[in-house]
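This report describes the packing, the sheet and a few single residues of one protein model. Please keep the sequence and the structure in view while reading.

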Amino acid sequence: MRPWQDDLLSAMQAKQTEAELFQALQQESHRIGFDYCAYGLRLPLPLSAPRTVMFNNYPDEWQARYANENYLSIDPTVRHGMTSLVPLVWTDEIFMETHGFWEDARSYGLCHGWAQSSIDPGGIKGMLTLSRAGEPLSETELRAKGCEMVWLTQVAHLCMSQLVSNRLQPEKPVELSQREISILRWTAEAKTSSEVSDILGISERTVNFHITNAMEKLGCANKTAATVRAALLGLLY
């Protein structure tokens, strides 16, 4: 790891609150030439309504406009970030189907931007967006700063996901036995208790015993929910 990468990671990990961390992200984004910085993070649970947390230093008027017009539902950068980890540079083509939204954003100084998503083994997704009103992002600038921008995305997600999940999901760590993990892995492959019994060479009653224990530990009413929750919590890897 090069010194600047190590220094950035250490500086971000030292932040104790989400506000302190986002302020550091703003400062870093300004250093590399951007006016605005935004970070959105979505937790995987609860499944029916995943929690979303957003931080940005956009103009207050734009934030209100974005919320009132429900632009989140049509924002193509968000749509890209939900399905791809490839960095996205804002272009007219990206916003071709949302021209009104694009014109609105540019009127508030969000004219040129770059975004990248990230996801961790626990299923927490995040997206860092850097934008500005001035000069477009050239190929030369992207080559010169691209590594820093990508690294900033990873560091932001590592640190912000830990702070946010500790606040919004302050659950006691779930500890599954190796047998419970093994059985849930096969359950995730759509194997029945009888099939898991044959695969592992144990009785079906023993399989169901371990499934029941896992359900209790995970706070789930059935084995399907327990399997999904265990996977989202990164317990089946």
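C37 is buried, at 0% relative accessibility; buried means under 20% relative accessible area, exposed over 50%, and partly exposed in between (1.4 Å probe, protein chains only). The model is predicted, so local features need pLDDT of at least 70 and side-chain atom pairs count only at pLDDT 80 or more, while totals for chains, interfaces and linings use all residues. Residues are numbered from 1 along each chain as its sequence is written, and side-chain values use heavy atoms, with hydrogens and water left out.

C37 takes part in no disulfide, and the nearest cysteine sulfur, that of C159, is 13 Å away. A disulfide is a pair of cysteine sulfur atoms within 2.5 Å, and the structure holds zero of them. C220 is likewise buried, at 17% relative accessibility.

**Cores**

C37 is also one of the residues touched by L25, along with M12, L152, A156 and M160, when residues up to four places away in sequence are not counted. Contact here means heavy atoms within 4.5 Å. L25 belongs to the largest nonpolar core, which has 28 residues; M12, L25, L130 and M160 touch the most other members. A nonpolar core is a set of buried Ala, Val, Leu, Ile, Met, Phe, Trp, Tyr and Cys residues joined through side-chain atoms within 4.5 Å. Two or more residues each come from α1 (3–13), α2 (18–31), β1 (36–42), β2 (52–56), β5 (125–132) and α6 (139–168). Helices (H or I, at least four residues) and strands (E, at least two) are DSSP runs, numbered from the N terminus. The largest share of this core, eight residues, is supplied by α6. A second, separate core has 16 residues, among them I181, I202, M215 and A230. In soluble globular proteins, nonpolar side chains tend to be buried together.

**Sheet**

Five strands form an open sheet in the order β2-β1-β5-β4-β3, with antiparallel pairing. Two strands pair if DSSP finds at least two bridges between them. Because β2 and β3 (88–89) each have a single partner strand, they stand at the edges, and one side of each is left without a neighbour in the sheet. β1 and β2 run antiparallel and are joined by five bridges; Y39 stands opposite F55 in β2.

Two helices pack on this sheet. α4 touches β1, β3, β4 (112–119) and β5, and its direction makes about 145° with that of β5. α6 touches β1, β2, β3, β4 and β5, and its direction makes about 50° with that of β4. Axes are lines fitted to C-alpha atoms, for helices over the stretch in contact, and angles run from 0 to 180 degrees between N-to-C directions.

**T77 in α4**

T77 lies in α4 (residues 76–83) and is buried, with a relative accessible area of 6%. Leaving aside neighbours within four places in sequence, T77 contacts L88, W90, F95 and M127. The side chains of T77 and D75 are joined by a polar contact of 2.7 Å, that is, a pair of N or O atoms within 3.5 Å; within protein, one must be able to donate a hydrogen and the other to accept it, and residues adjacent in sequence count only if both atoms are side-chain atoms.

Most residues other than glycine have a negative phi.
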